[in-house]
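Subject: Structure handover

Hello,

Please find the structure below, followed by notes on what was found in it. The notes start with the ligand and then move to the strands and a few backbone details.

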Amino acid sequence: MPNIISAQKAFFKAQKTKGISLRINLLKKLKQEIIAREQDIFGAIYKDFKKSSFEAFLSENGLIITEINLAIKNLKTWSKPERVKSSLLLFPSKDYIYKSPYGTVLIIGPWNYPFQLAINPLIIAIAAGNTVVLKPSELTPNTSQLIADIVKNIFPEEMATVIQGGIPVSTELLKQHWDYIFFTGSVSVGKIVAKAAAKHLTPVTLELGGKSPCIIDDTINLKLTAKRLVWGKFFNGGQTCIAPDYLIVKASIKNDLINNLKHEITKAYGDVKNSEDYPRIINHKNFLRLTNLLNDVNIAHGGDFDEKELYIAPTLIDEPDLDSNVMKDEIFGPILPVLSYETESDIESIIWHFEKPLSLYVFSKNKFFIKNTIEKFCFGGGVINDTLIHYGNSNLPFGGIGSSGIGAYHGKFGFDTFSHNKAIIKRGNWFDPPLRYAPYRGKLKLLKILFKWLS
Ligand code: NAD
């Protein structure tokens, strides 16, 4: 591990990551490799947790190709020094922001979108001119091995490499001195990463999770809302960081909404257990954690599971207590609690009860209710009248706030995340105003006039 890191640091210091055409060529090769190995990627993810090719294309390959294309198209512009307005006080000068890569970056990925959440930060870290050590999740061994093969085929080890392993490997990696750490995963491990980074004052991006609420008033189209909720909640088997964690529904329509949700679940998956489209829980530990949440709650739909197959049916829970297990932590599985509200202050007391979430969704036709809701609460990002889709627009920053994360990425935001803004002034020599130089006697008044005039 230390050998790889010092080789990467030497490669970086030798300016070998700085050529824009080199970066563009590598990104093009990576894109071709991902396109050529599409079936391998689908196969690996299916083996890891029975995710369908459709969901894999939409949420893994497809998103990555979009990000690579964007980086290839814009890299020259993004990496150009940006000229900014100068201050008259500094006349004569030309002022710039240089985009400067940090150096050697550690990327640690989660298992739930195992390909996309490892490769996406890699693409943009490389695009910004860094070297990368990538540690994908040990819980998706087939996908992680494929990622290692792909990276090895495209990049020299001094520029990007994959180190596989679980907690011990991750712990060892975190002991090293990195120039930047990009972590995607749980809040609890995010704290471990932040602590390790603090030791070397290494900057971090933490893409974490939390309980993302979905607020639904009584002005909605029930059928369309239910359809979009079922898609967003049960996509990837409910194992999505921005999945609606729980619903807060106007009490008068709660039962109607539950009936519509049941109908849409059946319409989407039919005989769910035998559906080709419904993934499995990632491992036994998570299966047990999730099935434990089903104790002592009122199950309105689903609730059946099969330990051998790591299968849990799409499940609706009617009105759990705020202090019940299912409402304690991020659910991260196919279980959807439905809470109800009468007044807006009921909504406030539920939302403020939790840490700031990664996402918030609101379904309504009432403009004031929507505006109030999205302006009142603190959350990473969200959608009005749908779920998850804000993740798919590279023109929007993706990241959390408070305990749901630090920093953001996607598209240009990702390039900025992996670049330091170097402030540079090029001073002219043809004129050298004498005001700033000692002796200062008699100059203060003029200096004050100048400051007043300039502000
Ligand atoms: P996790 O935190 O358990 O693991 C993430 C990575 O950290 C893995 O590579 C793992 O090997 C490593 N790791 C685990 N324990 C560690 C430790 N003690 N010390 C050092 N490294 C350790 O998360 P997960 O189960 O893979 O993913 C699920 C979580 O990730 C959920 O909370 C979800 O909300 C969050 N998530 C967030 C985003 C986002 O973009 N914000 C995306 C996907 C998942």
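Helix α7 gives the largest share of the shell around the ligand, three residues. Helices here are DSSP runs of H or I of at least four residues, strands are runs of E of at least two, and both are numbered from the N terminus. This is a predicted model: local features need pLDDT of at least 70, side-chain atom pairs count only at pLDDT 80 or more, and totals for chains, interfaces and linings use all residues. Residues are numbered from 1 along each chain as its sequence is written, and side-chain values use heavy atoms, with hydrogens and water left out.

The ligand

At least two shell residues come from each of α7 (167-175), β6 (180-184) and α8 (187-199). The ligand is surrounded by 26 residues, the closest being G109, E138, S186, L208 and E330; a residue counts as near if one of its heavy atoms lies within 4 Å. By class, 14 residues of the shell are nonpolar, eight are polar and four are charged. Ala, Val, Leu, Ile, Met, Phe, Trp, Tyr, Cys and Pro count as nonpolar, Asp, Glu, Lys and Arg as charged, and the others, Gly among them, as polar.

- G109: a polar backbone atom is 2.7 Å from an oxygen atom of the ligand.
- L208: a polar backbone atom is 2.6 Å from a nitrogen atom of the ligand.
- E330: an N or O atom of the side chain is 2.6 Å from an oxygen atom of the ligand.

On its own the ligand has 840 Å² of accessible area, of which the protein covers 90%; the areas come from the Shrake-Rupley method with a 1.4 Å probe.

The strands

Two strands count as paired if DSSP finds at least two bridges between them. An open sheet of six strands runs in the order β5-β4-β3-β6-β7-β17, with mixed pairing. β5 (160-162) and β17 (405-406) are at the edges with a single partner strand each, so one side of each has no neighbour in the sheet. Within this order, β6 and β7 (residues 204-207) run parallel and are joined by four bridges. T184 stands opposite E207 in β7.

Elsewhere, β1 (residues 82-84) and β2 (residues 93-101) are antiparallel and joined by three bridges. β2 also pairs with β18 (residues 419-427), in the antiparallel sense, over nine bridges. What does D95 face on these two strands? D95 is the bridge partner of V84 and stands opposite I425 in β18.

Backbone details

Most residues other than glycine have a negative phi, and most peptide bonds are trans.
- F91 and P92 are joined by a cis peptide bond, with omega about 0°; P92 lies in the loop between β1 and β2.
- A438 and P439 are also joined by a cis peptide bond, with omega about 0°; P439 is in the loop between β18 and α15 (444-454).
- E319 has a positive phi, near 55°, and is found in the loop between β13 (315-318) and β14 (335-341).

Regards

Definitions and conventions:
A polar contact is a pair of N or O atoms within 3.5 Å; within protein, one must be able to donate a hydrogen and the other to accept it, and residues adjacent in sequence count only if both atoms are side-chain atoms.
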